[in-house]
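Subject: Structure handover

Hello,

Below is the structure I said I would pass on. My notes on it follow.

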Amino acid sequence: MNRVNTCYATIVGPKSVLGADKCVPMRDITDGTSNTLLIAEACTLGIPWMKPQDIDVASFTAVGDPGGASSFHRGGVHMLMSDGSVHFISNAIDPTIVKAMSTRDGGEQINY
């Protein structure tokens, strides 16, 4: 691991909480703050510490994919939710669940 790289990236997409030129009030996270992603580990992306680079949910394939949410932990990644809690999400999670977790108001039922 390069010591000037970050291992964290914001999850962005059309219905995400964070992203460029976006400020979403808590009241607009109608899926629930405990069900909505903000940030994920992205250790294998090689993002320089000060570079504004995110994980675009449109190109998300799977947890553990070197091109997205990835870590040096065995079996999964840590993800920060909108309520401030951190969860260890398994590499085996269905990618459609993670995409649902990336939306603030999609109305999906989240079970992880």
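Is Asp105 buried, partly exposed or exposed? Asp105 is partly exposed, because its relative accessible area is 30%. Here buried means under 20% relative accessible area, exposed means over 50%, and partly exposed lies in between, with a 1.4 Å probe and protein chains only.

Before the rest, the conventions. This is a predicted model, in which local features need pLDDT of at least 70 and side-chain atom pairs count only at pLDDT 80 or more, while totals for chains, interfaces and linings use all residues. Residues are numbered from 1 along each chain as its sequence is written, and side-chain values use heavy atoms, with hydrogens and water left out.

Overall chain

The protein chain has 1 helix and 7 strands; these are DSSP runs numbered from the N terminus, helices being H or I of at least four residues and strands E of at least two. Their order from the N terminus is β-β-β-β-β-β-β-α. The C-alpha trace spans about 40 × 30 × 25 Å along its principal axes. The radius of gyration of the protein chain is 13 Å, which agrees with the value near 13 Å for a compact globule of 112 residues. That radius is taken over C-alpha atoms, and the globule rule is 2.2 Å times the number of residues to the power 0.38.

Of the 112 residues in the protein chain, 38% are buried. The accessible surface is about 6300 Å², and 55% of it belongs to carbon and sulfur atoms; areas come from the Shrake-Rupley method with a 1.4 Å probe, and for residues only the protein chains shown count as cover. Taking contacts between residues at least 6 apart in sequence, 64% join residues at least 24 apart. Contact means heavy atoms within 4.5 Å.

The sheet

An open sheet of 5 strands has the order β5-β2-β3-β6-β7, with mixed pairing. Two strands pair if DSSP finds at least two bridges between them. β5 and β7 (86–90) stand at the edges with a single partner strand each, so one side of each has no neighbour in the sheet.

- β2 and β3 run antiparallel and are joined by 3 bridges; Ala9 is opposite Ala40 in β3.
- β2 and β5 (residues 55–56) run parallel and are joined by 2 bridges. Ile11 stands opposite Ile55 in β5, and Val12 has Asp56 as its bridge partner there.
- β6 and β7 pair in the antiparallel sense over 5 bridges, with His78 opposite Phe88 in β7. The two form a hairpin with 4 residues between them, and Gly84 in the turn has a positive phi of about 95°.

β2 is largely enclosed by the rest of the structure, because 4 of its 5 residues are buried.

Core and cysteines

The largest nonpolar core has 20 residues, and Ile55, Val63 and Met79 have the most contacts inside it. Such a core is a set of buried Ala, Val, Leu, Ile, Met, Phe, Trp, Tyr and Cys residues joined through side-chain atoms within 4.5 Å. The elements that give two or more residues to this core are β2 (8–12), β3 (37–41), β6 (76–81) and α1. Leaving aside neighbours within four places in sequence, Ile55 is in contact with residues including Ala9, Ile11, Ala40, Leu45, Phe60 and Ala69.

How many disulfides does the structure hold? There are 0, a disulfide being a pair of cysteine sulfur atoms within 2.5 Å. Cys7 counts as buried at 12% relative accessibility, and Cys43 counts as buried at 9%.

Asp105 lies in the segment after α1 (95–101). Asp105 and Thr30 are 75 residues apart in sequence, but 5.1 Å apart in space, C-alpha to C-alpha. Neighbours within four places in sequence aside, Asp105 is in contact with Lys15, Asp28, Thr30 and Asp31.

Asn91 is found in the loop between β7 and α1. Asn91 counts as partly exposed, at 33% relative accessibility. With neighbours within four places in sequence again left out, Asn91 is in contact with Val63, Gly64, Gly75, Gly76 and Val77. Asn91 and Ala62 are 29 residues apart in sequence and 7.1 Å apart in space, C-alpha to C-alpha.

Regards
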